[in-house]
Amino acid sequence: MSAEALNIQFDQSPSGRWFYVSAEGVRHDHVLAVRSFPVAAPDEGIALVDVDGKELLWIPQLSHVAEQARANIQKAIMQREFMPQILKLYGVSSFVTPSTWDIETDRGRTSLLLKGEEDIRRLSGTVLLVTDGHGVQFLIRDLAQMDRFSRKLLDRFL
């Protein structure tokens, strides 16, 4: 695939909705950018889909897209996805569930309610997915990179 093929037009209308203009010049409104593997490979396998979920364009690698379109695709994905990353644990209310965790995320400090240990899912040796009592999913991208205190608290629940 040539670099020319991935020089796409993906932008936001004044109403806030995303649109995509195909290589043939056809404008598609109400377009979503969807990651195939948001945790394991966030920059690989991006689909632009219409309002009915029909794939309009498959992007194998986001780095192959022109800079402006890439920035817009990333912005659209961030608007659609909400999966804050847990960076640090400050404390937990109890080592018995339900438990309230005081955490630092990539979006700021907050708390989450862990209803049960089964709400912590190991995706790989170092990646965890934590679902709070409200259904919000939090990602721990690399357990080994967390500070010692945070790892010690997490070990009590794993």
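How many aromatic pairs does the count come to? The count comes to three aromatic pairs in this predicted model.

**Aromatic pairs**

A pair of aromatic rings is described by the distance of the centres and the angle of the planes. Two of the pairs are set out below.

| Pair | Distance of ring centres | Angle of planes | Class |
|---|---|---|---|
| F10 and W18 | 5.1 Å | 0° | stacked |
| W101 and F157 | 5.1 Å | 50° | tilted |

Planes under 30 degrees apart count as stacked, so F10 and W18, with their planes at 0°, form a stacked pair. F10 is buried, as is W18. For W101 and F157 the planes stand at 50°, so this pair is tilted. W101 belongs to strand 8 (residues 99-105), while F157 is in the segment after helix 2 (148-155); the pair therefore ties together parts that are 56 residues apart in sequence. W101 and F157 are both buried. Through ring pairs, F95 joins W101 and F157 in a cluster.

**Charges over rings**

R156 places its charged end over the ring of F95, at 3.9 Å from the ring centre. F95 is also a member of the ring cluster with W101 and F157. R109 lies over the face of Y90, and here the distance from the ring centre is 3.6 Å.

**Nonpolar core**

The largest nonpolar core has 17 residues, of which I86, L89, W101, L112 and V130 touch the most other members. At least two residues of this core come from each of strand 7 (86-92), strand 8, strand 9 (108-114), strand 11 (128-131), strand 12 (137-140) and helix 2. Strand 7 supplies the largest share, three residues.

**Largest pocket**

The largest pocket has a volume of about 240 Å³. Its lining consists of R35, P38, M78, E81, F82, M83, Q85, D106, R107, Q137, L139 and R141. By class, five of the lining residues are nonpolar, two are polar and five are charged.

**V65**

Where is V65 found? V65 is in the loop between strand 6 (55-61) and helix 1 (67-80). Is V65 buried or exposed? Buried means under 20% relative accessible area, and V65 has 3% relative accessibility, so V65 counts as buried. V65 and Q9 are 56 residues apart along the chain, and their C-alpha atoms are separated by 9.9 Å.

Notes
Residues are numbered from 1 along each chain as its sequence is written. This is a predicted model: local features need pLDDT of at least 70, side-chain atom pairs count only at pLDDT 80 or more; totals for chains, interfaces and linings use all residues. Side-chain values use heavy atoms; hydrogens and water are left out. On a 1 Å grid over the protein atoms alone, a cavity is a set of points where a 1.4 Å probe fits but cannot get out, and a pocket is an open set with protein on both sides within 12 Å along at least five of seven lines; lining residues have an atom within 4 Å of a point. Grid points are joined across faces, edges and corners, and a volume is the space filled by probe spheres set on the points. Ala, Val, Leu, Ile, Met, Phe, Trp, Tyr, Cys and Pro count as nonpolar, Asp, Glu, Lys and Arg as charged, and the others, Gly among them, as polar. Rings of Phe, Tyr and Trp (its six-membered ring) pair if their centres lie within 6.5 Å; planes under 30 degrees apart count as stacked, over 60 as edge-to-face and the rest as tilted. Buried means under 20% relative accessible area, exposed over 50%, partly exposed in between (1.4 Å probe, protein chains only). Helices (H or I, at least four residues) and strands (E, at least two) are DSSP runs, numbered from the N terminus. A charge sits over a ring if NZ of Lys or CZ of Arg is within 6 Å of the ring centre and within 35 degrees of the ring normal. A nonpolar core is a set of buried Ala, Val, Leu, Ile, Met, Phe, Trp, Tyr and Cys residues joined through side-chain atoms within 4.5 Å.
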